[in-house]
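Subject: Handing over the structure

Hi,

Here is the structure I promised to pass on.

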Amino acid sequence: MSLTPIGEPRQKITVASLKEKKHRHEPITCLTAYDYASARLVDEAGIDIVLVGDSLAQTMLGYENTLSVTVDEMLHHTRAARRGIKHALLMGDMPFGSYQADAADAIRNAARFVKEAGAEMVKIEGGEKRADLIRRIIDAEIPVAGHIGLTPQSVNVMGGYKVQGKSLADIEQLMRDAVALDRAGVACMVLEGIPREVAALITAEVSAPTIGIGAGPECDGQVLVFHDLLNLIFHAPAKFVRHYGDGAALITHAAQAFRADVSSRQYPADAESYHLAKETREALDTVLERKRTLRR
């Protein structure tokens, strides 16, 4: 059964339709998804953007941070998500090391997300210093999403996951970053971990849609990590996280109930078992009876 809201047939979300949503002041929704099942459910729920984020390093692969995940791992999960999506725009997150060193290498990696995994946009962290690179990737006909503020791939430089843009100098730099990305032609930009007031300033200043995560309600859209949404996490949530379901409790209770039923031999029941056809069973019983007779 489809979970898509009843109403007019849903249109495919594109880069162009994201900008139209900003102009019409229609909030943009974005969730991460890392495999076929989660991407299909998110898509059928009517979400606009599915982001295969490098957060899968922690949520799916158990790494300490996002720095360890590779391009091949990201492509593997992006391909899986692609198979579950019909209407949402699929955004692939370019991991640490895939674009920082060389522009030509960055373009090749971005093209792999499109050619090999079906991504319709790639996301790159960084502001002013990434503007020229982003232009070159866009010139290669690949839409790009920017990402400024708290950029997880810069965790070692930042000294941890800390809110950005708290001083006037930092706010000024964030504004320059946002304007530089906007002029470079980004399709949208993620604003992460910055004060609400600063995100509101940026959103009003740039033509590209802003997608907030820990950046307040004035952004043009919001993104959450799938595992945060469903409480499938093993750490204290960030301040901006809201749990919309308790997947951890659901899975734990289901697994415990399964274990109890197997231990007490209540699963599987006869109704959950396959049976031989009557004729085959009768023939088998005849064979078994002959064997029992021979042993006597």
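Eight strands close into a barrel, in the order β1-β2-β3-β4-β5-β6-β7-β8, with parallel pairing. From one strand to the next, the twist averages 25°. (Axes here are lines fitted to C-alpha atoms, for helices over the stretch in contact, and angles run from 0 to 180 degrees between N-to-C directions.) Before you go further: this is a predicted model, where local features need pLDDT of at least 70 and side-chain atom pairs count only at pLDDT 80 or more, while totals for chains, interfaces and linings use all residues. Residues are numbered from 1 along each chain as its sequence is written, and side-chain values use heavy atoms, with hydrogens and water left out.

A word on terms: helices (H or I, at least four residues) and strands (E, at least two) are DSSP runs numbered from the N terminus, and two strands pair if DSSP finds at least two bridges between them.

Now for some of the strand pairs. Strand β1 (residues 28-32) pairs with strand β8 (residues 221-224) in the parallel sense over four bridges, and I28 stands opposite G221 there. Strand β7 (residues 210-213) also runs parallel to β8, joined by two bridges; here I211 is the residue opposite G221.

On a 1 Å grid over the protein atoms alone, a cavity is a set of points where a 1.4 Å probe fits but cannot get out; a pocket is an open set with protein on both sides within 12 Å along at least five of seven lines; lining residues have an atom within 4 Å of a point. Points are joined across faces, edges and corners, and a volume is the space filled by probe spheres set on them.

The whole structure has one cavity of 30 Å³ or more, and the volume of the largest cavity is about 30 Å³. Its lining is made of C30, L51, M91, C188, V190, I211 and V223. By class that gives seven nonpolar, no polar and no charged residues (nonpolar: Ala, Val, Leu, Ile, Met, Phe, Trp, Tyr, Cys and Pro; charged: Asp, Glu, Lys and Arg; polar: the others, Gly among them).

The largest pocket takes up about 970 Å³. Of its 39 lining residues, E192, I213, D228, A238 and F240 lie nearest the centre. At least two lining residues come from each of α3 (56-59), β4 (121-125), β6 and α10 (226-229). The lining divides into 19 nonpolar, 11 polar and nine charged residues.

The second largest pocket holds about 530 Å³. It has 25 lining residues, with K129, G149, T151, S154 and M158 nearest its centre. Two or more of the lining residues come from each of β5, α7 (155-158) and α8 (168-184). By class there are eight nonpolar, 11 polar and six charged.

Last, helix α11 (residues 247-263). Its 17 residues should span 24 Å at 1.5 Å a residue, and the end C-alpha atoms are 24 Å apart, which agrees (the expected span is 1.5 Å times one less than the number of residues). I251 sits in this helix and is exposed, with a relative accessible area of 53% (buried is under 20%, exposed over 50%, partly exposed in between, with a 1.4 Å probe and protein chains only). After α11 comes R265, whose phi is positive, near 60°.

Cheers
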